[in-house]
Amino acid sequence: MQIPQIQIRQTPAILSIDADNGMQSLEQPQATVEMEQVRPEQHFTTTRSRLEINQDRAWDALGLGGNLETMSKIYSMASDMALRGLARIVEQGNRMADIHLGGNPIAEMARDWQRTFPEFDFSGEASYDNVDVSYTPAEVSIETTPGRVELNVQVNRPIHQYERGKLDIYMSQYSKVEIIPPQIDQLI
């Protein structure tokens, strides 16, 4: 005996997708930079150096000084010279007063007599110590104004363009189940 069978046919569902890719463009413009440089400045001011040489004392030591200075020196020594002159005259007078003691005081005084006047010797020894040298170096002052860089930066926004893609999802075929019953012969 044959057993009847039920047939089942199944058709699967088919899902279809239709997609177009989206388009995107991205552009970044460079930043706008404005730059200005301010130069540094320097100002120099200088004074002259100064060299002073004073030889007055050397000329005085050589007896070649100015008339006013020489006369002033003689004037300041005059009272002292007068006292020494008086002392010399007193001494000569005393020697002459002692003529009775022997000797020849007049001849001795004539021999000691000099035409030069040592008390009027107003010159001295000239040396490098009599020259006054003074040096004042030059002075330099520097004024500096520092430089700088001024930046002005403008950031540019990115340029973004986007076109949406297309996405369609649809059923190309629906699922179905078909049940086929067996044929049954009926014998009645």
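What is the mean pLDDT of the chain, and what percentage of its residues reach 70 or more? This is a predicted model, and the mean pLDDT of its chain is 84. A value of 70 or more is reached by 90% of the residues. Confidence is lowest in helix α1, residues 56-61, where the mean is 77. At the other end is strand β5, residues 41-46, where confidence is highest, at 94.

Which residues of α2 are buried? They are Thr-70, Met-81 and Gly-85.

Helix α2 also holds a pair of charged side chains. Arg-84 and Asp-80 meet in a salt bridge, with 3.6 Å from N to O. These two residues are four apart in helix α2, so about one helical turn separates them. Arg-84 has a relative accessibility of 41% and therefore counts as partly exposed. Asp-80 is likewise partly exposed, with a relative accessible area of 41%.

Side chains of opposite charge can pair when their charged atoms come close. How many salt bridges does the structure hold? There are six. One of them joins Lys-166 to Asp-18, whose closest N and O atoms are 3.9 Å apart. Lys-166 lies in strand β11 and Asp-18 in strand β2, so this pair ties together parts that are 148 residues apart in sequence. Lys-166 is partly exposed, at a relative accessible area of 40%, and Asp-18 is partly exposed as well, at 31%.

Another salt bridge is formed by Arg-148 and Glu-150. Here the closest N and O atoms are 3.2 Å apart. Arg-148 counts as partly exposed because its relative accessibility is 47%. Glu-150, at 35%, also counts as partly exposed.

The patch is formed by Leu-15, Ile-17, Leu-167, Ile-169, Met-171 and Tyr-174. Together these residues have about 670 Å² of accessible area. Strand β2, residues 14-20, and strand β11, residues 166-173, each supply at least two residues of the patch. Which of the elements gives the most to it? That is β11, with three residues. On the other strand, Leu-15 is found in β2. Is Leu-15 buried or exposed? Its relative accessibility is 54%, so Leu-15 counts as exposed.

Thr-145 is found in strand β8, which covers residues 140-145. Thr-145 is partly exposed, with a relative accessible area of 43%. Along the chain, Thr-145 and Gln-42 are 103 residues apart, and their C-alpha atoms are separated by 6.3 Å.

Ser-49 has its place in the loop between β5 and β6, the latter being residues 50-54. At 40% relative accessibility, Ser-49 counts as partly exposed. What distance separates the C-alpha atoms of Ser-49 and Thr-136? The separation is 5.6 Å, for two residues that are 87 apart along the chain.

A further pair takes the reader back to strand β11, where Ser-172 is found. Ser-172 is partly exposed, with a relative accessible area of 43%. In sequence, Ser-172 and Ser-141 are 31 residues apart. In space, C-alpha to C-alpha, the two lie 95 Å apart.

Key:
Residues numbered from 1 in each chain as written. Predicted model: local features only at pLDDT ≥ 70, side-chain atom pairs only at ≥ 80, totals over all residues. Heavy atoms only, no water. Patch = residues over 30% accessible without salt bridge, like charges linked within 9 Å, V, L, I, M, F, W, Y side chains within 5 Å. Areas by Shrake-Rupley, 256 points an atom, 1.4 Å probe, with all protein chains shown as cover. Salt bridge = Lys/Arg side-chain N within 4 Å of Asp/Glu carboxyl O. Buried < 20%, exposed > 50% of the residue type's maximum accessible area, 1.4 Å probe, protein only. pLDDT = per-residue confidence, 0-100.
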